[in-house]
Each structure stands twice: as C-alpha cells, then as structure tokens.
Amino acid sequence: MKLAPLFAALLFAWPAAAAAFDPGPAIGSRIPPISARDMTGKPVTVRGLSDRNGVVLVFFRSAKWCPYCQKQLIELKAAKTPLAQRGYRLVALSYDSPEVLTRFAEQREIPYAFLSDTDSATIDAFKLRDPQYKPDSFAYGVPMPTIFVISPRGVVQAKLAEEGYKTRPPVAAVLAAVDGLKK
C-alpha cells in the first residue's frame with residue numbers, strides 16, 4: 001500500500017471513530033480552568049502553556065502503571081518539533097505525582113512538559129474522569145485518554161478521543177488535526 005492512501009485512510013477513519021465517542025468540552029467551546037501544576041509545583045494557565053497558536057493537551061491515565069500511556073507518551077516525542085513548527089506546544093496531563101512524571105520523563109528522555117493533577121480537579125472539570133474506577137481503586141481519578149488542540153484563549157479547536165484506553169491516536173493523526181485547522 002502506498003503511503004498517501006494509508007495517510008488518507010487515517011485522516012478519514014480517525015474522525016469517524018472519534019465522532020461516536022466525544023468526551024470532554026466540545027469543539028468550539030471554552031475549556032474550564034486548569035488547576036494542575038507543572039513539574040516545579042507551580043500552577044499553570046492555558047495562556048502560559050500555549051505557543052503562538054495554542055497548546056496540544058494530552059490527557060493520559062498514568063506514566064507509572066499504564067503501558068498504553070507509556071507507549072503513547074514515548075511516541076509523542078516525535079510530535080514535539082513538528083507541533084512547535086506549527087506554533088503549538090505539547091503538554092501531557094495525568095493524575096500522577098510530579099515525582100512519577102519527572103522520573104518517567106527523565107528515564108524516557110521526554111522533551112515536552114508534563115502536568116500533575118493529583119486530585120483530578122482538572123480531569124473532573126474537563127468531565128474526563130473514567131467512571132469504571134471506584135474510590136477504592138488505585139486508578140480512581142484517571143482520565144479517559146483524550147487529546148485537545150486548544151487556542152491561547154482557551155477554545156477547543158480540535159479533539160481526538162477513542163472509546164477505551166488501549167487505542168490512541170497516532171502522531172500523524174495529531175498533526176493532521178492541527179493541519180486541518182483554519183488559521
């Protein structure tokens with residue numbers, strides 16, 4: 001199969017699959033305030049996270065115990081530079097502690113920012129808490145994996161989500177979502 005038809009299939013198949021499952025704020029809406037903290041413990045804002053065109057915010061379950069998240073986070077290393085060239089900063093958010101995120105980023109040489117939402121306040125504000133986990137579960141508070149492309153003013157420009165936690169959008173789909181935005 002030639003690369004062009006394969007890429008075209010990705011572009012058309014991914015939005016169709018995501019349309020059936022649409023968690024979190026809608027495209028075109030403002031996001032709720034972010035109450036997560038950066039790796040130094042400082043609170044963050046959307047404007048502070050954004051590059052000139054915005055931020056690609058990746059909600060993931062855990063860098064400590066989720067192999068699907070770990071794989072996605074490692075693969076997203078390839079997206080940092082192309083997103084920066086397009087004017088977007090790449091940031092990933094989890095309920096993991098800053099120590100867990102720092103250790104993972106250092107071990108895997110992750111070049112983009114992580115945010116810690118240990119009380120899941122941002123996850124809840126985005127309505128992304130995975131309902132399958134009850135308060136007595138170690139996974140209580142994890143988000144449904146979702147990627148948002150957000151303008152510097154906090155408006156959702158694009159969203160990628162897949163029902164279930166095992167399937168994640170490839171880097172090509174993230175870049176295609178950004179490239180598909182009207183500037």
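**Figure 1. Valine 174 is found in helix 7, which spans residues 171-179.** Helices (H or I, at least four residues) and strands (E, at least two) are DSSP runs, numbered from the N terminus. The model shown is predicted: local features need pLDDT of at least 70, side-chain atom pairs count only at pLDDT 80 or more, and totals for chains, interfaces and linings use all residues. Residues are numbered from 1 along each chain as its sequence is written, and side-chain values use heavy atoms, with hydrogens and water left out. Valine 174 has a relative accessible area of 0% and is therefore buried; buried means under 20% relative accessible area, exposed over 50%, and partly exposed in between (1.4 Å probe, protein chains only). Apart from neighbours within four places in sequence, valine 174 is in contact with Val56, Ile147 and Leu160, where contact means heavy atoms within 4.5 Å.

**Figure 2. The protein chain has seven helices and five strands.** Their order from the N terminus on is α-α-β-α-α-β-α-β-α-β-β-α. Of the 183 residues of the protein chain, 49% count as buried. Among contacts between residues at least 6 apart in sequence, 69% join residues at least 24 apart. The chain exposes about 9,300 Å², of which carbon and sulfur atoms supply 57%; accessible areas come from the Shrake-Rupley method with a 1.4 Å probe, and for residues only the protein chains shown count as cover. The average pLDDT of the protein chain is 89, and 89% of the residues score at least 70; pLDDT is the predictor's confidence in each residue, from 0 to 100. Over residues 1-19, pLDDT stays under 50, and the model has 17 contacts beyond four places in sequence for this stretch. Where pLDDT is low, the predicted coordinates should not be read in detail.

**Figure 3. The largest nonpolar core has 30 residues.** A nonpolar core is a set of buried Ala, Val, Leu, Ile, Met, Phe, Trp, Tyr and Cys residues joined through side-chain atoms within 4.5 Å. The residues with the most contacts inside this core are Val56, Phe60, Leu73, Leu83, Leu90, Tyr112 and Phe114. Two or more residues each come from strand 1 (54-59), helix 3, strand 2, helix 5, strand 4, strand 5 and helix 7. Helix 7 gives the largest share, six residues. Leucine 73 is in contact with Phe60, Ala63, Ala92, Phe104, Ile110, Tyr112 and Phe114, leaving aside its neighbours within four places in sequence. A second, separate core of 23 residues includes Val91, Leu93, Tyr95 and Phe126.

**Figure 4. Strand 4 (residues 146-150) and strand 5 pair in the antiparallel sense over five bridges.** Two strands pair if DSSP finds at least two bridges between them. Strand 1 and strand 4 also pair in the antiparallel sense, over five bridges. Threonine 146 in strand 4 is the bridge partner of phenylalanine 59. Towards strand 5, phenylalanine 148 stands opposite lysine 159, and valine 149 has alanine 158 as its bridge partner. Five of the five residues of strand 4 are buried, so this strand is largely enclosed by the rest of the structure. Thr146, Phe148 and Ile150 point one way from strand 4, while Ile147 and Val149 point the other way. In a regular strand the side chains alternate between the two faces of the sheet. Strand 5 (residues 156-161) is mostly covered, with five of its six residues buried. The hairpin of strand 4 and strand 5 has five residues between the strands, and glycine 154 takes a positive phi near 90° there.

**Figure 5. Helix 5 (residues 98-108) has the buried residues Val100, Leu101, Phe104 and Ala105.** These residues lie on the same side of helix 5 because they cover an arc of only 125° around the axis, the arc being that of the directions from the helix axis to the C-beta atoms. Their cover includes helix 3 (67-75), strand 2 (88-94) and strand 3 (113-116). The face turned away from the buried side carries the exposed residues Glu99, Glu106 and Gln107.

**Figure 6. Glutamate 109 lies in the loop between helix 5 and strand 3.** Its phi is near 55°, a positive value in a residue other than glycine. Glutamate 109 counts as exposed, at 62% relative accessibility.
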